[in-house]
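Me: I would like to go through this model feature by feature. Please give the general idea each time, then the case at hand.

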Amino acid sequence: MNLPRSLNHPQRLAIASEIHSRPFMVIGAPARVSHLAIHCEEGGEWHERALQGLCARFGVSGPRAGAQHFFHDFGHFRIKWEQHTEFATFTFVEPGRGGADFAQTAMRHVPMDWLESLGASVVVASHIHAEQGEPLDLADERLHALFPMPPLVGSRVLSGGEIWTDFQVGPDGFSRYLVRDTGLREAQMGRLVQRICEIETYLMMALLALPLAREGIVRLDGIEEDLSDVGTQLCELDIDGDAEQLLHEISHLDARMRAMSHATGYRFSAAQAYHRIVQARIGELREQRIEGVPTIGEFMERRLAPAMDTCVSVAARQDALAHKVSRANDMLRTRVNLAQERQNQSVLESLSRSARLQLKLQQAVEGLSVVAISYYGIGLAAYGLKALKGWGVDVAVDQAIGLALPLVCAATWYGTRRLHGKLHRLGVVRP
C-alpha cells in the first residue's frame, strides 16, 4: 500500500532530503585531493554561477537552480560542490595517482582563468595526498621534506589512519595534508578526507572574527575612555545644571555601541558556531598521539581556543559596555527629570502665590462692589422718596434713607455672594 502524496506535509520531502544533502565522497588510496572554500557575502548565486562556468568549460550540465550540493565525474577528476550559508566548497579528487606527493595536484586540471575569476574570496585552499603504507615515524626524512616549517602536527586516527600537516600556507597558496591508510576500513578514507576539509574550512571561517575582535578592542578602549569622562562630568554636574551637552555625548556613545554591535554581532556568534563544529569534527577523528608531535586537537586547543576566547571576551565586554552606556543615559535622564520637577514645582508655587493675590484682590473688589451698588441703590431710593414727598405724601426722607441703608447693603452683599457661588459651581470663577 502506497502512501498518497496528498498526505505528506508540505516540507516533509525537503526535510528528509536535507539529511542526505552532503554525502561524503568515496575515495580510495592512492588519491590526490584539492579543496577550495570560497567566501562570499553576496549569497549563493555567485557560487552557483562559478560552478556553472566551470561545468561549461568541460561541456557538462551544472546543478539545477537552488541546489545545495553537486557531484560529477569529469573523467580525469571528480568534483564535489557544496553550498553553505556564507561560503561554498569545491573539492577536486584525482584517484589512483601516486608518486611525488604534492608535485602534481588535482587542481592542475582546473583552468587558471577560472581560478582567477574567483577574485579575493578564497579562505581555504589545501592539497591532500592520500596513500597507503605502514605508519610513519617522526624521524622519517620524508616528513621533514614535505613539511619543513614547524610545528609538525600528526596523529593516528580512526584506528587505521594517519594525518600529517603543519597548517602552513605554502608559497603556492595551499596548505598540505598527508593522509595515510594504515588499516582503514572501506569508505573510511572518504570520511577522513571530508573531516580534514571541514576542519580547515570551519577553522578559517571561525577565525574571520579575530580581526574584528582586535579592532573592537581598540574601539572599546576609546568608548570606555569617553564614557569615563562623561561619568566624571555627570558627578560634577549640579542638579540644576545644563545637561544638554552631556545628553548629546551619551547619545553619540550609544549610537557608536549600537553600530559596533550590529557590525560584529553576527560574526562573533557565527565564530562560536564554527568553533563548535571544528571541535566536533576533531572528536570524530578519535585521535591517538604520536610521540613527539602534537595532535590536531592539541594544536587547536593552543592556537584556535585563545582566538575564540578573545572573540568571546570582546563580545562580552561589548555587551557590558553597552549596558553601562545605557545606565549612564538613564541616570542623566533621571537627573534631568528631577531638575524639570524642581522647575515645575517652582512654577506651581508661583502660580499658587498669584492665585492667592488674585483671591485677595477679588475679595477687595467684591467689597468695593457691595459699597458701590449700595450707594447707587440708596441714591435711587432717595430720588423715589423725594418724588413721593413732592406729590404730597408725607415721608421723612432722611429717616427712611437711614433705615434703608443697612437693608440695602445687606441685600447687596447677599446677592453678590449668591451670584459668586453660582458662577463657581458653573466653573466660571475660582473660590
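Me: Which residue is the bridge partner of Glu162 in S8?

Reply: Arg180 is the bridge partner of Glu162 in S8. Before going on, note that this is a predicted model, in which local features need pLDDT of at least 70, side-chain atom pairs count only at pLDDT 80 or more, and totals for chains, interfaces and linings use all residues. Residues are numbered from 1 along each chain as its sequence is written, and side-chain values use heavy atoms, with hydrogens and water left out.

Me: How many bridges join S7 to strand S8, and in which direction do they run, parallel or antiparallel?

Reply: Strands of a sheet pair through backbone hydrogen bonds, either parallel or antiparallel. Here S7 and strand S8 (residues 175-181) run antiparallel and are joined by five bridges. Strands are DSSP runs of E with at least two residues, helices are runs of H or I with at least four, and both are numbered from the N terminus. Two strands count as paired if DSSP finds at least two bridges between them.

Me: What joins S6 to S7?

Reply: Five bridges join strand S6 (residues 153-157) to S7, and the two run antiparallel. Val153 has Thr165 in S7 as its bridge partner. The hairpin of S6 and S7 has three residues between the strands, and Leu158 takes a positive phi near 55 degrees there.

Me: Which residues point one way from S7, and which the other way?

Reply: In a regular strand the side chains alternate between the two faces of the sheet. From S7, Gly161, Ile163 and Thr165 point one way, while Glu162 and Trp164 point the other way. Strand S7 (residues 161-165) is mostly covered, with five of its five residues buried. Buried means under 20% relative accessible area, exposed means over 50%, and partly exposed lies in between (1.4 Å probe, protein chains only).

Me: In what order do the nine strands form the open sheet?

Reply: The order is S2-S3-S4-S1-S5-S8-S7-S6-S9, with mixed pairing. Strand S2 (69-73) and strand S9 (288-289) are the edge strands, each pairing on one side only. Within the sheet, strand S1 (residues 31-39) and S5 run antiparallel and are joined by eight bridges. Val33 stands opposite Ile128 in S5.

Me: Why does Thr89 count as buried?

Reply: Thr89 has 6% relative accessibility, so it counts as buried. Thr89 is found in strand S4 (residues 87-95). Leaving out residues up to four places away in sequence, Thr89 touches His35, Leu36, Ala37, Lys80, Trp81, Glu82, His84 and Thr201; contact means heavy atoms within 4.5 Å.

Me: How many cavities of 30 Å³ or more does a search of the whole structure find?

Reply: Rolling a probe the size of a water molecule over the atoms shows where empty space is left. The search finds three cavities of 30 Å³ or more. Of the 16 residues that line the largest cavity, the closest to its centre are His35, Lys80, Thr91, Gln194 and Cys197. The volume of the largest cavity is about 170 Å³. On a 1 Å grid over the protein atoms alone, a cavity is a set of points where a 1.4 Å probe fits but cannot get out; a pocket is an open set with protein on both sides within 12 Å along at least five of seven lines, and lining residues have an atom within 4 Å of a point. Grid points are joined across faces, edges and corners, and a volume is the space filled by probe spheres set on the points.

Me: Which element gives the largest share of the lining of the largest cavity?

Reply: H5 does, with seven residues. H5 is mostly covered, as 17 of its 20 residues are buried.

Me: What is the volume of the largest pocket?

Reply: It is about 300 Å³. Among its 17 lining residues, Phe167, Glu200, Leu203, Met204 and Leu207 are the closest to its centre. Strand S5 (122-132), helix H5 (188-207) and helix H8 (296-390) each supply at least two residues of this lining.
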